[in-house]
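Okay, let's get going. I've put one structure up for today, and I'd like to walk you through it piece by piece.

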Amino acid sequence: MNFYHQLDAIMKQDMGGRGLLASLPENPIKKAAESLRHAARVILLTGFPVRMEDGGCIGETDGPSGTANLAFAFTQAGAQVLVVTDRASYHLLEEALSYRAPKAALSMIPEDASGGLHKRLASASSVPTHFYQPGAAWQRLWTVTTTSMRGETIDDMITDSALFLSEARAFGAETISIGDGGNEMGMGTYRHEIEAHVPCGKLICASEAADITLASGVSNWWSWGIAALLSLQAGLYLLPTESQEAELLHRVVEAGGVDGCTKEHTETVDHLSLAVHLSVLRSVSQALTAQMEENSQASVFFSSVSARPVQA
């Protein structure tokens with residue numbers, strides 16, 4: 001099993017029992033890896049509001065940690081990174097980035113966001129090459145109702161961000177979506193599978209398709225997957241350690257983040273314990289380390305071969 005197949009198998013673990021992943025084709029990891037080679041200026045859009053019992057809303061734990069890990073990997077690989085989120089998740093991202101990726105910039109979309117804002121963000125410093133949507137990200141398309149994975153109407157809690165995909169494409173940026181439930185922006189790629197296998201699938205499925213769509217049991221996991229691909233390209237180990245990942249989640253919860261499934265301030269993501277997530281990180285780390293060692297040995301072999309004198 002090559003590294004891409006191994007990574008796909010790790011990402012496709014349906015520990016939450018959602019039922020979608022088994023119906024999907026292999027993740028387009030080779031295409032994603034080829035795209036990453038050209039990632040120079042990256043916009044990361046994330047955040048999803050959870051309605052609490054008191055009527056207020058706060059961001060969930062699936063998204064901030066993964067986005068911070070992505071921001072770290074991209075900045076270490078030499079890319080310029082702008083993270084964009086809503087008011088509900090802003091402080092969660094602020095805390096996560098200050099710990100994990102202080103070189104990344106952070107911007108909040110105001111509630112009265114318009115198409116002009118999307119254009120200003122896209123051209124804030126220079127034209128983006130890549131637009132990533134890691135984890136749940138809100139969208140509103142014209143008069144279409146926006147819903148959570150439970151089918152709850154959340155129009156009153158979200159900021160209109162539906163134009164980001166079209167604006168990113170207008171700037172020539174590649175759009176990449178990461179999702180686990182089907183309601184994430186860009187997951188329209190798998191509309192047929194989402195409508196057939198996800199509860200309320202026809203209601204919650206995102207409208208638009210991204211250029212590249214990556215699915216996993218939990219969206220945060222793909223931050224490790226993409227960091228692994230960047231590691232192989234840069235020759236650097238860009239994954240967080242298990243202690244760093246634990247601290248990152250702790251800080252997100254301390255900043256107010258809640259588990260999107262339970263709506264509780266616990267150090268869990270999508271109702272799965274930290275230990276479960278760390279086991280997935282460990283699997284990605286082991287696969288990456290083995291591949292980096294294999295690449296290193298191959299490099300030494302070819303270097304040795306090329307150094308041999310040419311026989312007459």
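A bit of housekeeping. This is a predicted model, so local features need pLDDT of at least 70 and side-chain atom pairs count only at pLDDT 80 or more, while totals for chains, interfaces and linings use all residues. Residues are numbered from 1 along each chain as its sequence is written, and side-chain values use heavy atoms, with hydrogens and water left out.

Of its 312 residues, 54% count as buried. Buried is under 20% relative accessible area, exposed is over 50%, and partly exposed is in between, with a 1.4 Å probe and protein chains only. Then contacts, meaning heavy atoms within 4.5 Å. If you take those in the chain with a separation of 6 or more, 73% come from residues 24 or more positions apart.

On to the salt bridges. How many does the structure hold? Seven, where a salt bridge is a side-chain nitrogen of Lys or Arg within 4 Å of a carboxyl oxygen of Asp or Glu. One of them joins the side chains of Asp180 and Arg18, at 2.4 Å from N to O. Asp180 sits in the loop between β7 (174-179) and α7 (191-197), and Arg18 in the loop between α1 (3-11) and α2 (29-36), so this pair ties together parts that are 162 residues apart in sequence. Both of these residues are buried.

Now for two pairs within helices. Arg191 and Glu195 form a salt bridge at 2.8 Å, N to O, and they are four residues apart in α7, about one helical turn. Arg191 is partly exposed at 28% relative accessibility, and Glu195 is partly exposed at 29%. Over in α10 (residues 242-254), Glu247 and Arg251 are also four residues apart, about one turn of the helix, and their side chains meet in a salt bridge of 2.8 Å, N to O. Glu247 is partly exposed at 27%, and Arg251 is partly exposed at 25%. Remember the geometry here: an α-helix has 3.6 residues a turn, so residues three or four places apart point the same way.

Next, helix α4, residues 87-100. Its 14 residues reach 20 Å from first C-alpha to last, close to the 20 Å expected at 1.5 Å a residue; that expected span is 1.5 Å times one less than the number of residues. Among its buried residues are Tyr90, Leu93 and Arg100. What do the buried residues of α4 pack against? The list is β2 (49-51), β3 (57-59), α3 (64-76), β4 (80-85), β5 (105-108) and α10.

Then there's α9, residues 221-234, with 14 residues and a 20 Å reach, again close to the expected 20 Å. Eleven of the 14 are buried, so α9 is largely enclosed by the rest of the structure. The buried set includes Trp221, Trp222 and Trp224. Gly235 follows α9, and its phi is positive, near 70 degrees.

Two single residues, quickly. Ser35 lies in helix α2 and is buried, at 4% relative accessible area. Leaving out residues up to four places away in sequence, Ser35 touches His130, Glu174, Ile176 and Ile212. Gly182 is in the loop between β7 and α7, buried at 0%. Its C-alpha is 5.9 Å from that of Ile194, twelve residues apart along the chain. Beyond four places in sequence, Gly182 is in contact with Met187, Ile194, Ile204, Cys205 and Ala206.
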